[in-house]
Structures are given as C-alpha cells and as structure tokens.
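Student: I am new to this structure. Please take me through its terms, one at a time.
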Amino acid sequence: IKSCHPDDLEPCFNLLQSLTNNGSNLYLIEEQIGSYVEELLPVMVARKKTVDVLKFLADMTKNNATYIDTQLLCAVFRECYYPNKKQPLEEIQECLNYIEVVVQYAIVPPSCIHCMMMYICSVRCVIPSDVTHPASQSLKSLMKM
C-alpha cells in the first residue's frame, strides 16, 4: 500500500473497502494496513466520513484483530472520539459500536481504556443511556478481568 495525495484519500479509501471486502480480507496487505488507515483517518474525519471509517475498522477488527496494533487504536481514538453535542447520533452510535468491537475482539491497550471511558461517560450526558449501555457493559467486563 502506497501513500495517496490528500485529495485522493477518499477514493483510495473506497477502493480499499472494495478490495478488502470492507476490511474482511487483508490478504497480502496485513502488515501495511495499520499505517495506511492511520494516514486516512484525519482526512476522512475532516470530510465527515467518520461513520464509514469506523464501520470499516469494526469489520477489520472482527476479522483481523491480529493486525490492529496499539498505534492504530490510539490514532482512531485521537481522531474520532471528540464527544460534543454537535456530533450526529449516527456517529456517536458507531463510535460506541467500535468500542464494543475493540473490547470483544482486540487486545485493548491501557492507554485507550481511559479514552473509551471518557467517551462513554461524556455521551451518556447527551444521549439516552440505552444507546450507551452495550458499550458500557463491554468496558465494564473488560475492567473486571
């Protein structure tokens, strides 16, 4: 996987989704996918494509958790998890879904647990608790281990 010009990142992401069956098949690009997705994140978030990226990452994590490293997870939380009242409900729900997926399928680095907890707590003030409950339960289970 080679770097793209910033203007081409969105089409490159769409191509990546198609070629990998939305993150399910990383054959031959397993080692490079993390740094490439990390490069895509800021541009896709700036272009209001956070939901698409998080859905891709959720599928990628479910099917290829081995290739989700601490650096990529930290980048995801740094770029996507800025809770505020202006964040669309669909984006909040996808962020919470990704937290659930990471807790269930990947090894959660300690540096990310704090970000996850802060996000869940902050969105509980904005949206109904039934939306945040599954992610809260997953994180609670992780903390008990």
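Student: What makes Leu-28 count as buried or exposed?

Tutor: Its relative accessible area is 61%, so Leu-28 is exposed. The cut-offs are under 20% for buried, over 50% for exposed and partly exposed in between, with a 1.4 Å probe and protein chains only. Before we go on: this is a predicted model, where local features need pLDDT of at least 70, side-chain atom pairs count only at pLDDT 80 or more, and totals for chains, interfaces and linings use all residues. Residues are numbered from 1 along each chain as its sequence is written, and side-chain values use heavy atoms, leaving out hydrogens and water.

Student: Where is Leu-28 found?

Tutor: Leu-28 is in the loop between helix 1 and helix 2. Helices are DSSP runs of H or I with at least four residues, strands are runs of E with at least two, and both are numbered from the N terminus. Leu-28 has a positive phi of about 75° although it is not a glycine.

Student: How many helices and strands does the protein chain have?

Tutor: There are seven helices and zero strands. Read along the sequence, the pattern is α-α-α-α-α-α-α. Of the 145 residues in the protein chain, 44% are buried.

Student: How do you describe two packed helices?

Tutor: By the angle between their axes and the distance between the axes. Each axis is a line fitted to C-alpha atoms over the stretch in contact, and angles run from 0 to 180 degrees between N-to-C directions. Take helix 1 (residues 9–19) and helix 3 (residues 50–64): they pack at an angle of about 30°, with axes 12 Å apart.

Student: What are helix 1 and helix 3 to each other, roughly parallel or oblique?

Tutor: Angles under 35 degrees count as roughly parallel, over 145 as roughly antiparallel, 65 to 115 as roughly perpendicular and the rest as oblique. Helix 1 and helix 3 are therefore roughly parallel. Their contact is made by Phe-13, Leu-16 and Gln-17 of helix 1 and Asp-52, Val-53 and Phe-56 of helix 3. Contact means heavy atoms within 4.5 Å.

Student: Which residues does Asp-52 touch?

Tutor: Asp-52 touches Phe-13 and Gln-17, not counting residues up to four places away in sequence. Asp-52 and Phe-13 are 39 residues apart along the chain, and their C-alpha atoms are separated by 9.5 Å. At 33% relative accessibility, Asp-52 counts as partly exposed.

Student: Why are helix 1 and helix 2 called oblique?

Tutor: Their axes come within 10 Å and cross at roughly 135°. That angle makes helix 1 and helix 2 oblique to each other. Residues of helix 1 in this contact include Leu-9 and Cys-12, and those of helix 2 include Ile-33 and Tyr-36. By class, the contact has 10 nonpolar, no polar and two charged residues. Here Ala, Val, Leu, Ile, Met, Phe, Trp, Tyr, Cys and Pro count as nonpolar, Asp, Glu, Lys and Arg as charged, and the others, Gly among them, as polar.

Student: What about helix 4 and helix 6: at what angle do the axes cross?

Tutor: The axes of helix 4 (residues 70–80) and helix 6 (residues 110–124) come within 10 Å and cross at roughly 20°. Helix 4 and helix 6 are therefore roughly parallel. Thr-70, Leu-73, Cys-74 and Phe-77 in helix 4 meet Ser-111, Cys-112, Cys-115 and Met-116 in helix 6. That contact has six nonpolar, two polar and no charged residues.

Student: How far is the sulfur of Cys-74 from the closest cysteine sulfur, and is that close enough or too far for a bond?

Tutor: The closest cysteine sulfur, in Cys-112, is 3.7 Å away, which is too far for a bond. A disulfide is a pair of cysteine sulfur atoms within 2.5 Å. By this rule the count comes to zero disulfides.

Student: Which class do Cys-74 and Cys-95 fall into, buried or partly exposed?

Tutor: Cys-74 is partly exposed, because its relative accessibility is 24%. Cys-95 is buried, because its relative accessible area is 0%.
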